[in-house]
Amino acid sequence: MPEFVTEHRLNILLALILLGGPLVAHFADEPFLVTLATRATILALAGVGLNIALGLGGLVSFGHAAFFGVGGYAVGILASHHQTYEPLMTSPFVINGTNQMLVLWLVAVLVSGLAALVIGALSLRTSGVYFIMITLAFAQMIYYFAISWPAYGGEDGLSIYVRNAFPGLNTLRPLDFFLLCYAVLIVVLLAQWKMTGARFGMALQAVRQNEGRVAALGLSPYRIKLAAFVISGMVTGLAGALYADLNRFVSPTMMSWHLSGEIMVFIILGGVARLFGPVVGACLFVLFEHAFGSVTEHWQFFLGAALLAVVLFARGGFIGLVAGRVRHD
Amino acid sequence: MTEPVLELSGLSKSFGALKVTDAVDLDLRPGEIHALIGPNGAGKSSLIKLVAGELAADAGSIRFDGREISDLDQIERARLGLTRTFQVSSLIPEFSARGNVMFAAQARRKSIFGFFRQVSRDRELIDEAMEALDRVGLSGRAAVRVSELSHGEKRLLEIAMALAMRPRIFLMDEPMAGLGQEGSAKLIGFLDKLRTQAPILLIEHDMDAVFQLADRISVLVSGKIIARGTADEIRNHPEVRTAYLGEDAA
């Protein structure tokens, strides 16, 4: 690969494309395309979350839709209480609903982090195929719990009638909401980039490559993996919170295993452990869905073919194909 | 006589009917190299694993600094300052040589939760890593990925990582394996000086190295210590000659 195509420059280019596309669409008066880009951005964020566990830590979680859904429901539930003016609970203290995104995000992140702590603490006692299966099992448990919980819509889901508010923005305008989601994605990517090169990132990558060595050096692989899993769940939960506001609707499908699989597909298409891997993957996914979805309902056939091609011929995904192997100092 | 840093007594371990460690008594005193020799399958590596905490003993005690540590796991023992090197190099393959030693220096600080400060600008870790690499003669290869290092370089990197841990005792499992004559000679010179920093429990197949380095030698056969003494005593020990050295002398 030529030297000038460094991953860093490629990432900046990709970030600009993701910003420029919707801006052009906005001025061309195509709000639907702006919303489509918003969907891609939010799904990318969900993938960024999983990439921390799967890419950096080698933790193949097949249950990340659970955190996506938990984040979404946190928003849906609080917003529904805000709409009805009924407090969420009254004793021992009163908790009211809210329509402020900043509060909703914080709650979504905390609740999904807590879910990840519990699920991770139990699942990380296993590894390999067992870990994949147990994370799937936990996600399915939460999925069926949501279906059978009539207070918040059960199988029918829960509507948010007016998109929640963010200071200084009109979130109902597609471009405003896109820019908000885009800013969140970029901030999280910057934080992940810093984290990867800091001590925690080193420990996590070392655990992925040689767990026994890390233990022999006196660091606990379990604690490192659990911390990564919680951070990962929080980021995916935040994506779920944004997704709830995008659709103004949450339902158990947000937690289905299909979605867990799709998030994993983003990462594989874009490049495992690469910073912008899930961003590229999610954009490709949404583009496929949009381009082929209007032609045939079997658009996933083409997605499957693309996935197969990546796995067989381009193991580093899109980023690996363009920017080459991962470099470490 | 100084108190031993490490003291094993009656240490036993079986896998089914196979006794890999059979009532072993052994100690390691400050400033010494205590070599453990024995034929293949004698249970030398298993003994190191028992001491490091990778295997749990069935019976017996392990005292470190006068404290019973049998109930501590591998991670806790490493934190107390028992640092081992591996018979088959166990490194972080995608990190550079320097990255591996920096990670060991980070581990010594028990530091996991750093999220912002970049290790590539962490002078403390870099300086410590470069110093350790320099001591084993690898500073010229600091930026090379482990997967691109030669076998001998990986062996030295193992030692450098152990140095960066600044341990109380070294547990070294065949550090010379595959080093070649020149490499072994250099490493012998290095370990000779290292014993003053921390005592070394050394498993080694290279008899020249053992006889040059060891203050004391214990001979392990079928999980049992059959002889113990200085290099000269072991060299002339009749049982040892038949059980072990005999094969090599032929």
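Q: In this predicted model, which residue of strand 4 of chain B stands opposite B:L6?
A: Strand 1 (residues 6–15) of chain B and strand 4 (residues 59–64) of chain B pair in the antiparallel sense, and five bridges hold this pairing. B:L6 belongs to a separate core of 25 residues, which also includes B:L28, B:F64 and B:L72. Within strand 4 of chain B, the residue that stands opposite B:L6 is B:F64.

Q: Is B:E32 buried or exposed, and what is its relative accessible area?
A: B:E32 is found in a loop of chain B, between strand 2 (18–28) and strand 3 (33–37). Leaving aside residues up to four places away in sequence, B:E32 touches B:D27, B:R195, B:P199, B:I200, B:D215 and B:R216. Because buried means under 20% relative accessible area, B:E32 counts as buried, with a value of 6%.

Q: Which residue has a side chain joined to that of B:E32 by a polar contact of 2.6 Å?
A: The residues that B:E32 touches include B:D215 and B:R216, when those up to four places away in sequence are not counted. A polar contact of 2.6 Å joins the side chain of B:E32 to the side chain of B:R216.

Q: Which residue takes a positive phi in the hairpin of strand 9 and strand 10 of chain B?
A: Strand 9 (residues 216–221) and strand 10 (residues 224–229) of chain B run antiparallel and are joined by five bridges. In this pairing B:V219 stands opposite B:A227, which is in strand 10 of chain B. The hairpin has two residues between its strands, and the one with a positive phi, near 50°, is B:S222.

Q: What is the area buried between domain 1 and domain 2 of chain B?
A: The domain assignment of chain B gives domain 1 (1–81 + 167–250) and domain 2 (93–165), and their centres, taken over C-alpha atoms, are separated by 26 Å. In the contact between them, 14 residues of domain 1 of chain B meet eleven residues of domain 2 of chain B. Carbon and sulfur atoms give 64% of the area buried between these domains, which is about 1,100 Å².

Q: Which residues touch the most other members of the largest nonpolar core?
A: The largest nonpolar core has 142 residues, and helix 2 (residues 31–56) of chain A gives the most to this core, with 14 residues. Domain 1 and domain 2 of chain B both give residues to this core, so it lies between them. B:L157 touches residues including B:L91, B:V101, B:L133 and B:L149, not counting those up to four places away in sequence. The members of the core that touch the most others are B:L157 and B:L191.

Q: How many of the eleven residues of helix 7 of chain A are buried?
A: The buried residues of helix 7 (residues 199–209) of chain A include A:R199, A:F200, A:M202, A:L204 and A:Q209. What covers the buried residues of this helix includes helix 2, helix 6 (174–197), helix 8 (211–216) and helix 9 of chain A, together with helix 3 (97–108) and helix 4 (123–136) of chain B. Helix 7 of chain A is largely enclosed by the rest of the structure, because the number of its residues that are buried is ten.

Q: What is the phi of A:A273, a residue that is not a glycine?
A: A:A273 lies in the loop of chain A between helix 10 (257–270) and helix 11 (277–293). With a relative accessibility of 26%, A:A273 counts as partly exposed. Although A:A273 is not a glycine, its phi is positive, at about 70°.

Q: What is the relative accessibility of B:K110?
A: B:K110 is found in the loop between helix 3 and helix 4 of chain B. Its phi is near 55°, a positive value in a residue other than glycine. B:K110 counts as partly exposed, and its relative accessibility is 42%.

Methods. Residues numbered from 1 in each chain as written. Chains lettered and ligands numbered in written order. Predicted model: local features only at pLDDT ≥ 70, side-chain atom pairs only at ≥ 80, totals over all residues. Heavy atoms only, no water. Helix = DSSP H or I, 4+ residues; strand = E, 2+ residues; numbered from the N terminus. Buried < 20%, exposed > 50% of the residue type's maximum accessible area, 1.4 Å probe, protein only. Polar contact = N/O pair within 3.5 Å; in protein donor to acceptor, adjacent residues only side chain to side chain. Contact = heavy atoms within 4.5 Å. Pairing = 2+ DSSP bridges. Core = buried A, V, L, I, M, F, W, Y, C linked by side-chain atoms within 4.5 Å. Domains from an automatic or database assignment. Buried area = accessible area lost by both parts, 1.4 Å probe.
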